[in-house]
Amino acid sequence: SEDDLVRAVLAAKEQGDRVRAVGARGSKSPCHGVSGHALHLDDYDGLIDVDGNLVTVQAGMTCGKLNTILEQHDLALPTLGEWKRATVSGALLTGTHGGSRQHGLMSTSVRQMQIVTADGKILEIERDDPLFRHVGVSLGLFGIVSTITFECVERFTLELVTKVLPFERYLAEYEAQTSDHEIYSAVWLPRARSVITYAANRTSAAPEHSQRPKRFSPWMLALTAASRHFDVRSLVNERRFGSRSIAESGDILTPLDISPRLANGVWSVASRTKATEFVVPTDRTRETLDKLERLFETHPEGLANAVGIRETAGDDFTLSPAHSQGSLWIDIFFHDRPSFTPSMLDLFERLDARCHWGKHVPFSPNYLRDRYPEWDAFATAAAELDPSGMFANDFTERFGSVSYTHLRAH
């Protein structure tokens, strides 16, 4: 219950310890790390209320369970992350997003959050509250999220069409295709000079029982590895990757059902492989893809998997990677090697990139602080609610102004 959260926070405060809710622990960064008390919200995942198109849930609910509940009430969210097992609070606070120029982050669908503050009080934060722009993407630094109220849309069905395009054609058609489809994303195999596109639009057709193809799969991993030594273009074809799926929006937007234990096990084995997601302004899309093509030609050893490409609309959350700009998200799985990583980081720094907080964050604190115009406003607001840094962790302390030590020093 919410009272349990309050008691846990007050107990940590009395002991002088830190406390954090840890979600599904699926992030590729240590943003969910805890140096004090870890709150596991597996049993705090219920539906609280449905009032028209406003749906309030407990913070430990998974995205997959949320989709099921919304369908039962003929509702949906316009955009979601791809992983069913992520908790809704963890997805929101790390800046999880979909792949649509028309829609922003998942957090843009939130009407209200309720948090347990460092003094054990319950704070309701509405969309028009000055704190809302900080809390919506906040890495848990303002308190333990208790409940979330989503502003939903009417339930809808999506038709997803998957195609294979040569890279040159993808570039030529990119602007038109991104504008024409409500959802448009891709995976790019640079060495194969091929792009697999995923275009989805709402349809009145009845859902079918076909499973949508995943953007990343063991087959994609094998193709990436093989492409470093062989010409695999003939293997990336419509017969193998082309498809059409019609399903409920949640099934199309959130297809991955990997258990957290398996996901974490894979990443613990592949410790030298990193997953990061760079975010650049959409007006630099062509420049970004052209420069990335040259980087991958020069350093074919760097890529560990295909490259994901998506867009989102801008928003006003202070620590959102899409803050104040339409954003192109480049999802890169790479081998962390001296021959590749510095060149990749240099490229994205010159592109003024930000990055997804839930993936590996390779940038320095000073670099990132310069990319967020309201970074210090965020840090000041967080410190006012939590002056002792009870909700911070090693990850947030690393980033300068998102750190109480830094604020006290200044």
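Predicted model: local features only at pLDDT ≥ 70, side-chain atom pairs only at ≥ 80, totals over all residues.
## Helix 1 and what it packs on

Start with helix 1, which covers residues 2-15. Its 14 residues reach 20 Å from the first C-alpha to the last, close to the 20 Å expected at 1.5 Å a residue. The buried residues here are Leu5, Val6, Val9 and Ala12. Looking down the axis of helix 1, you find those buried residues within an arc of 130 degrees, so they line one face of the helix. The general rule behind this kind of pattern is that an α-helix has 3.6 residues a turn, so residues three or four places apart point the same way.

As for the cover over the buried residues, it includes strand 1 (19-21), strand 2 (37-39), strand 6 (110-116), strand 7 (122-126) and strand 8 (144-151). Helix 1 is followed by Gly16, with a positive phi near 70 degrees.

## Helix 11

Helix 11 spans residues 341-350, and its buried residues are Thr341, Met344, Leu345, Leu347 and Phe348. They take up an arc of only 160 degrees around the axis, which puts them on the same side of helix 11.

What do the buried residues of helix 11 pack against? The partners are strand 14 (273-281), helix 10, strand 16 (327-335) and helix 12 (365-371). Just after helix 11 comes Asp352, and its phi is positive at about 60 degrees.

## Rings, and charges over rings

The structure holds 15 aromatic pairs. One of them joins Trp188 and Phe296 edge-to-face, at 5.6 Å centre to centre with 65 degrees between the planes. This pair links distant parts of the chain: Trp188 belongs to strand 11 (residues 183-189) and Phe296 to helix 10 (residues 285-298), 108 residues apart. Both Trp188 and Phe296 are buried.

Ring pairs also link Phe278, Phe348, Phe363 and Tyr367 into a cluster. Phe348 has already come up, as one of the buried residues of helix 11.

For Arg202 the ring is that of Phe156, with the charged end 3.8 Å from the ring centre. For Arg354 the ring is that of Tyr372, and the distance to the ring centre is 4.9 Å.

## Asn237, a buried polar residue in a loop

Asn237 sits in the loop between helix 6 (218-227) and helix 7 (238-241). Is Asn237 buried or exposed? Its relative accessible area is 19%, and buried means under 20%, so Asn237 counts as buried.

A polar atom of the Asn237 side chain lies 2.8 Å from the backbone oxygen of Ser234. Setting aside neighbours within four places in sequence, Asn237 is in contact with Val164 and Gly242.

## Positive phi in two loops

Arg193 has a phi near 50 degrees, which is a positive value in a residue other than glycine. You'll find Arg193 in the loop between strand 11 and strand 12 (194-203). With a relative accessible area of 26%, Arg193 is partly exposed.

Ser324 also has a positive phi without being a glycine, in this case near 65 degrees. Its place is the loop between strand 15 (307-312) and strand 16. Ser324 is exposed, with a relative accessible area of 58%.

Notes
Residues numbered from 1 in each chain as written. Heavy atoms only, no water. Helix = DSSP H or I, 4+ residues; strand = E, 2+ residues; numbered from the N terminus. Expected span 1.5 Å × (residues − 1). Buried < 20%, exposed > 50% of the residue type's maximum accessible area, 1.4 Å probe, protein only. Arc of directions from axis to C-beta. Contact = heavy atoms within 4.5 Å. Phe/Tyr/Trp six-rings, centres within 6.5 Å; stacked < 30°, edge-to-face > 60°. Lys NZ or Arg CZ within 6 Å of the ring centre and 35° of its normal. Polar contact = N/O pair within 3.5 Å; in protein donor to acceptor, adjacent residues only side chain to side chain.
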